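My entries follow in the order I made them.

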Amino acid sequence: MEKGTEMAAKADLPFAAKGEARRKLLYDAACKRLLSNRLILAHILKGTVAAYGECPLEMIANEYIEPSESASTGSKNEVDATPPPMIRGMRTEDADPHDGSVFYDVLFRASLPDVKEGIECIVNVEAQTVARPGYPLMERAQYYCARLLSSQRGTEFTHSHYEQLKKVYSIWVCTNPPRRFSGRIIRYQMAPTTDTFWGRSLMGAAIVCVSSPGTAGLPGLLGTLFSDIDPLEKAALLESEYNVGMTSSMEDGVMAMCNLGQAIEDRGIARGILKSRVESIRNLMKNMGLSIDRAMEVLGIPSPDRAACIEKLQEEELGPAVAPSR
């Protein structure tokens, strides 16, 4: 199952993606791998969904997340007693001919505590690096809940048997929240205001704003997990502060995030340097009448870096003036 999850993550990468785009896709895949860990998901459910609030983490991880048939019927099966550390997960693409496609990061089933007959819910977990991506994040979470409900027609219920709908949750981990929201968990719950005669609540959403590595609670755990601190320090913090041991898949995900995150950051810095240099070259050529070679010489740009500057200027269509002098 663990291998299948990793293969699924790799399958999400378009073959056409290259360079920076591919690095970002690989980084996203590493994030999804970390969020597919059963114990991490147990912490997330316990910290965001009230129904799991009093449950031991081990029980959530081993019995409630992706329950086996034997668990749902109450029988004990030694084979199923210790499930693999990585969830199997559900299909993460929801394609609709009218509403388009939604691609979820992590999607899985879980049984609800203290409910007879092993009633399940469907849980979506998303990693979000931008807190305000041009729209309110909670409204996107509610849209995901709506899609998870509507997609159950024909699979979880047919005709007018709406009582068979499974409750859905969409939980978003904001890895770079505004400082004033750091460490906060924002919950949304649709519930009746009087009694339950008219039906039960079917959707819930939450946003977890991570906090600094080593701080208390779920925001601190996720802040540690997604931080850029040294992997060995990260493993020690996860073990000492949150009692989360580093599995092989988690270690792979952490190392991939660190390496890819550093590569993306380094390339971002390099792009910034190149942009600054090109702007300076342009100003010298325009205001001082210098050739491109003379401008780069005045700026002290190293010879190995000059070809990239010339190429960038040519991309911006500055005309014959960018041609290197001979």
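**Entry 1: Glu66.** I began with Glu66, which sits in the loop between H4 and helix H5 (69-73); helices (H or I, at least four residues) and strands (E, at least two) are DSSP runs, numbered from the N terminus. The model is predicted, so local features need pLDDT of at least 70 and side-chain atom pairs count only at pLDDT 80 or more, while totals for chains, interfaces and linings use all residues. Residues are numbered from 1 along each chain as its sequence is written, and side-chain values use heavy atoms, with hydrogens and water left out.

I read phi of Glu66 as near 45°, a positive value in a residue other than glycine. Most residues other than glycine have a negative phi. Glu66 counts as partly exposed because its relative accessibility is 23%; buried means under 20% relative accessible area, exposed over 50%, and partly exposed in between (1.4 Å probe, protein chains only).

**Entry 2: His159.** I found another positive phi, about 55°, at His159, which is not a glycine either. His159 is in the loop between helix H7 (137-150) and strand E5 (167-174). His159 counts as exposed, since its relative accessibility is 64%.

**Entry 3: the chain.** I counted twelve helices and seven strands. Of the 326 residues in the chain, 38% are buried. I then took contacts (heavy atoms within 4.5 Å). Among those between residues at least 6 apart in sequence, 58% join residues at least 24 apart.

**Entry 4: cores.** I looked for nonpolar cores, meaning sets of buried Ala, Val, Leu, Ile, Met, Phe, Trp, Tyr and Cys residues joined through side-chain atoms within 4.5 Å. The largest has 40 residues, and Leu45, Phe108 and Leu222 touch the most other members. Helix H3 (residues 38-48) gives the most to this core, with five residues. A second, separate core has 21 residues, including Ile122, Tyr144, Cys145 and Ile207.

I listed the contacts of Phe108, leaving aside neighbours within four places in sequence; among them are Leu41, Leu45, Ile65, Glu66, Ile87 and Ile122.

**Entry 5: cysteines.** How many disulfides does a search of the whole structure find? I got zero, with a disulfide taken as a pair of cysteine sulfur atoms within 2.5 Å. Cys145 counts as buried because its relative accessibility is 1%, and Cys55 counts as buried at 8%.

**Entry 6: H3 against H4.** At what angle do the axes of H3 and helix H4 (residues 57-64) cross? I have roughly 115°, with the axes coming within 8 Å; axes are lines fitted to C-alpha atoms, for helices over the stretch in contact, and angles run from 0 to 180 degrees between N-to-C directions. Arg38, Leu39, Ala42, His43, Leu45 and Lys46 in H3 meet Leu57, Ile60, Ala61 and Asn62 in H4.

**Entry 7: Ile186.** I checked Ile186 in strand E6 (residues 185-189). Ile186 counts as partly exposed because its relative accessible area is 27%. Not counting residues up to four places away in sequence, Ile186 touches Met138, Ala205, Ala206, Ile207 and Cys209. The C-alpha atoms of Ile186 and Ile171 are separated by 9.8 Å, with the two residues 15 apart along the chain.

**Entry 8: Ala216.** I ended in the loop between strand E7 (203-209) and helix H8 (217-225), where Ala216 is placed. Ala216 is exposed, since its relative accessible area is 69%. Its C-alpha atom is separated by 8.5 Å from that of Tyr242, 26 residues apart along the chain.
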